[in-house]
Amino acid sequence: MRIEVRDLSVRFGRNVAVDGPSFTLDGDKVYGLLGRNGAGKTTLLSVLAAFRRANAGTVRVDGEDPFEHPTLTRDICFVRDRVDAEDTDRVRRVLQRARDLRPYWDDAYAAKLTELFHLATDRKISALSRGMKSALAITVGLATRAPLTLFDEPFLGLDAPSRRVFYDELLADYLAHPRTVVLSTHLIDEIAPLFEEVIIIDRGRLMLHEETDALRSRGATVTGPAEAVDRFVGDMVVLSERRLGPTKSVTVMGSLGPEWRLAAQGLDLEIGPVGLQDLFVHLTREERP
Amino acid sequence: MTTHPWRPVRAVMRELYTGHRRTLQWFWVVVAGSLAVIGLVLGAAGATGTRLWPDYVLTPNKYFLLVLGILAAATQLPIHVAHGLTRRQFAFGATAYFGVVVAASAAATLLTYPLLMAARSVGGGGGPWLTPGSAGSTFGEAVASYAAYTCGGWLLGALFYRLDGWRRVVLLPVGALPALASDFVLGRGQTGVSLDDLLSLGAACHPTAIGLCALLVAAGSYAAFRLVRDVAIRKVTG
């Protein structure tokens, strides 16, 4: 599903949560939505999901305004860290409701996910741990197979093996059933390989929207003997440093051309792409006072 | 994907019924059980009046429906919107569903009368039976009262969900207006004053009261719809 956002603005009293971003997502890709706490990610996703109306600007999903759209809303699934259900509902009731209301719901896939996440279907929502609530929300989000699926920090409280299950299932199901997925997260490096494009918003404004590969070429990671790395890096802008014994790895801002790579070879240094998280930290830090 | 306009309405009705089914069943088991015990006690005591009957059935039922109305706006609306329905579709579906629940509750209210009488007979008592005319009038009153309380709950829930802080507290009486006003016009309020006391309508009182209740329900439902038609959806669970 194609998403067009133009000059979007959402205010809460005097606070401006979303401050005029404009961008277009062509669809059928996995998009990463990144931003610091309070950047406006959840509010932006809420508007895309028709959970709230913007104060100004427009959102179009496949050319139409999703807010109160009688058919388009059924094609959009917004997954938050907690499942949208009553505390007294049991897990099986949540799945039953999704089955009844969602047109593309896959019951067998939902059953598989509940097994993978070790979700007991007879448990009440109120009796689930934070991680289990996240697992249930993810189960609903994936098995809904909505053409536009929005995940907002869906794995809060999930342990590392369960997060791995989510990443693997998201990728496998996306490949089997291509759709538009927008995923907001703070665990950037864990899930970065899934992102085809990245959108970064900061204080409600669009900071950048690029293909992940292009974004990662904005910097480089130089690894090798510490002394040689320091000599090579010189006055470059350093995003992060890691040291293990005599070996040092430095992430620098700026793309390194063929002459730099040749020089690195001569010094027995390896040059790799920049980590998305390092780049994100750098980009959002330098914009702040 | 196109969809028949009634499909979402039916989906909401089915979902609400699935969620309420057990609660409704238990409520009526408790009401019927209590009434049977009360009937036995009244029969044993030789009581012949039937004035207690509506109070034992009407009053708990209208407050029960008030709560269901509140929950519909405060919890069911966001859940359904989160599952891809629009606020309008939910409002129409919930209105149709509660219309059926109100009518069924009024019918069930009438059915408790023979239960009470039977229990009194077993207890050794006796008393007057409902005539077709009084049964019809009681059914009408029950429908009017239940609809007004359900609408009041829906309006209260919508106010609490839509507004925050002091606004929802200040507007609480407005939300309760359909319920309180229906008590006044039907002469079932706690104040002891009714529409008939003020206007002395006589035989015209009952149809007038039911007509006024219908207006109250229409106005309350419209106000609630205005509140929820573009409300922002928040998280439901804690």
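User: Where is A:Asp62 placed in chain A?
Analyst: A:Asp62 sits in the loop between strand S5 (56–61) and S6 of chain A, where helices (H or I, at least four residues) and strands (E, at least two) are DSSP runs, numbered from the N terminus. This is a predicted model, in which local features need pLDDT of at least 70 and side-chain atom pairs count only at pLDDT 80 or more, while totals for chains, interfaces and linings use all residues. Residues are numbered from 1 along each chain as its sequence is written, and chains are lettered from A and ligands numbered from 1 in the order in which they are written.

User: And what is phi of A:Asp62 near?
Analyst: Phi of A:Asp62 is near 50°, which is a positive value in a residue other than glycine.

User: Why does A:Asp62 count as partly exposed?
Analyst: Because A:Asp62 has 16 other C-beta atoms within 10 Å, it is partly exposed; a residue is buried if 20 or more other C-beta atoms lie within 10 Å of its own, exposed if 12 or fewer, and partly exposed in between, with C-beta atoms placed from the backbone.

User: What about A:Arg203, where is its place?
Analyst: A:Arg203 lies in the loop between strand S9 (197–202) and strand S10 (205–211) of chain A. Phi of A:Arg203 is near 50°, a positive value in a residue other than glycine, and A:Arg203 is partly exposed, with 17 other C-beta atoms within 10 Å.

User: Switching to A:Val252, is that buried or exposed?
Analyst: A:Val252 is buried, since 24 other C-beta atoms lie within 10 Å, and A:Val252 belongs to strand S13 (residues 247–253) of chain A.

User: Which residues does A:Val252 touch?
Analyst: Not counting residues up to four places away in sequence, A:Val252 touches A:Gly219, A:Ala220, A:Val222, A:Val233, A:Met236, A:Val237, A:Val238 and A:Leu239, where two residues are in contact if their C-beta atoms, placed from the backbone, lie within 7 Å.

User: How is chain A divided into domains?
Analyst: Chain A has domain 1 (3–214) and domain 2 (219–273), with bounds that come from an automatic or database domain assignment. The centres of domain 1 of chain A and domain 2 of chain A, taken over C-alpha atoms, are separated by 37 Å.

User: How many residues of chain A are in contact with chain B?
Analyst: On chain A, 24 residues are in contact with 25 residues of chain B. The elements giving two or more residues to the chain A side are strand S6 (76–79) and helix H2 (91–101) of chain A, and the largest share of that side, four residues, comes from H2(A).

User: Now chain B, how many helices and strands are there?
Analyst: Chain B has eight helices and zero strands, and buried residues make up 40% of its 238 residues.

User: How do H1(B) and H3(B) cross?
Analyst: The axes of helix H1 (residues 6–45) of chain B and helix H3 (residues 87–122) of chain B come within 9 Å and cross at roughly 20°, the axes being lines fitted to C-alpha atoms, for helices over the stretch in contact, with angles that run from 0 to 180 degrees between N-to-C directions. H1(B) and H3(B) are therefore roughly parallel to each other, given that angles under 35 degrees count as roughly parallel, over 145 as roughly antiparallel, 65 to 115 as roughly perpendicular and the rest as oblique.
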